[in-house]
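Start by looking at the sequence and the fold.

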Amino acid sequence: MGAYHAGSRAVQELLGVRDRADHVGRSLGQDIKPVAAAFLELQPLLVVGAADPGTGRVWASALTGAPGFVRATGPRQMSVVTTGGPHPSGRPASPLAPALHTPGTRIGTIALDPRTRRRMRLNGRLRPTARGFAVEADQVFANCPKYIQRRESYETVTDRTPGTPHVLTELAEEQREFVRRADTFFLATVHRGGADASHRGGNPGFVRAASPRELVWPDYPGNAMFLTLGNLRTDPRAGLLFLDWTTGDTLQLTGEAHTGFTADGGRTVRFALTAARWTPGALPLRWSAPEYSPANPDIAR
């Protein structure tokens with residue numbers, strides 16, 4: 001497949017950044033370079049995004065494990081262990097479990113390391129394995145550190161017991177406050193030929209709960225590829241993942257997202273909720289306090 005599909009091209013043309021996108025797009029490839037393979041093996045967290053093969057809903061989920069649970073097992077293959085170990089990936093059962101057990105699932109992944117403010121995305125086709133799954137890469141690329149909050153260290157809380165997941169159709173005040181405090185979330189999107197998982201960051205308050213069923217956030221300037229907004233232009237289905245970097249609580253949302261554009265190139269995304277999943281203590285990781293990215297715009301209060 002080419003670097004960009006019609007949706008991304010349409011947004012690039014609308015904003016007048018096609019030439020820049022073509023330049024940046026040279027970084028998109030299928031090979032997992034040695035430096036990327038080394039980066040993957042250091043990570044205790046991987047975020048994945050895909051559409052549920054039964055319902056069609058798009059979700060983003062966090063998988064965890066001891067460093068090495070994600071690794072390159074070929075020049076174009078990444079393998080993920082989701083069984084066994086001190087804190088097996090995806091506990092409790094992820095809403096993406098059906099997708100992760102379905103051969104040929106189009107999946108997007110992102111490994112983000114707050115310690116170094118580096119991130120790597122790998123998108124491709126999934127194949128279940130005896131210990132988890134493997135992804136045959138269609139796209140592999142790194143992003144700049146913009147909007148990533150630095151967290152210098154983490155610890156694994158081996159005795160943390162995940163709470164019972166709560167399935168919601170709207171966000172109560174507890175979840176809306178969780179969103180308001182967030183400085184990071186992950187966004188899963190799809191298109192006819194694939195899936196993608198991306199990162200969004202900013203100072204707390206950059207995401208707003210406009211109502212119990214709607215979230216709003218600004219789309220900050222980035223690399224001009226517009227993979228995420230391009231996907232949403234052709235398919236509005238989206239999955240969001242918010243996590244508490246201290247308690248391990250997670251909030252997963254699925255619904256539809258639409259982008260509004262202003263004459264000066266500004267962009268605002270509105271997400272309409274279909275369903276949510278709130279899980280206290282879902283992740284066994286506790287990260288240190290954040291140092292906010294100097295790229296974060298100030299939030300109007």
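Helices (H or I, at least four residues) and strands (E, at least two) are DSSP runs, numbered from the N terminus. This is a predicted model: local features need pLDDT of at least 70, side-chain atom pairs count only at pLDDT 80 or more, and totals for chains, interfaces and linings use all residues. Residues are numbered from 1 along each chain as its sequence is written, and side-chain values use heavy atoms, with hydrogens and water left out.

Begin with P284. P284 sits in the loop between strand 16 (267-279) and strand 17 (285-287). Buried means under 20% relative accessible area, exposed over 50%, and partly exposed in between (1.4 Å probe, protein chains only). P284 has a relative accessible area of 0%, so it is buried. T83 is 201 residues away from P284 along the chain, and their C-alpha atoms are separated by 15 Å.

Now step back to the whole protein. It has 6 helices and 17 strands. Its radius of gyration is 18 Å, close to the 19 Å that the globule rule gives for 301 residues, so the protein is as compact as a globular protein of that length. That radius is taken over C-alpha atoms, and the rule is 2.2 Å times the number of residues to the power 0.38. Along the principal axes, the C-alpha trace spans about 50 × 45 × 40 Å. Of the 301 residues, 53% count as buried. Contact means heavy atoms within 4.5 Å. Among contacts between residues at least 6 apart in sequence, 71% join residues at least 24 apart.

Next, find helix 5 (residues 173-181). Its buried residues are Q175, R176, F178 and V179. They lie on the same side of helix 5, because they cover an arc of only 155° around the axis. This arc is that of the directions from the helix axis to the C-beta atoms. What covers these buried residues? The cover includes strand 9 (166-168), strand 12 (208-211), strand 13 (214-218), strand 14 (237-243), strand 15 (250-261) and strand 16.

Then turn to the aromatic rings. Rings of Phe, Tyr and Trp (its six-membered ring) pair if their centres lie within 6.5 Å; planes under 30 degrees apart count as stacked, over 60 as edge-to-face and the rest as tilted. The whole structure holds 8 aromatic pairs. Y147 and Y220 form a tilted pair, because their ring centres are 5.2 Å apart and their planes stand at 45°. This pair links distant parts of the chain, 73 residues apart. Y147 is in the loop between strand 7 (132-143) and strand 8 (154-156), and Y220 is in the loop between strand 13 and helix 6 (227-234). Both Y147 and Y220 are buried.

F185 and F242 make a stacked pair, 5.0 Å centre to centre with 25° between the planes. F185 belongs to strand 10 (residues 184-191) and F242 to strand 14, 57 residues apart. Both F185 and F242 are buried. One aromatic cluster takes in Y147, F185, F206, W217, Y220 and F242.

End at R267, in strand 16. R267 has a relative accessible area of 11%, so it is buried. A polar contact is a pair of N or O atoms within 3.5 Å; within protein, one must be able to donate a hydrogen and the other to accept it, and residues adjacent in sequence count only if both atoms are side-chain atoms. The side chain of R267 makes such a contact with the side chain of D219 (2.8 Å). The backbone oxygen of G265 lies 3.0 Å from a polar atom of the R267 side chain.
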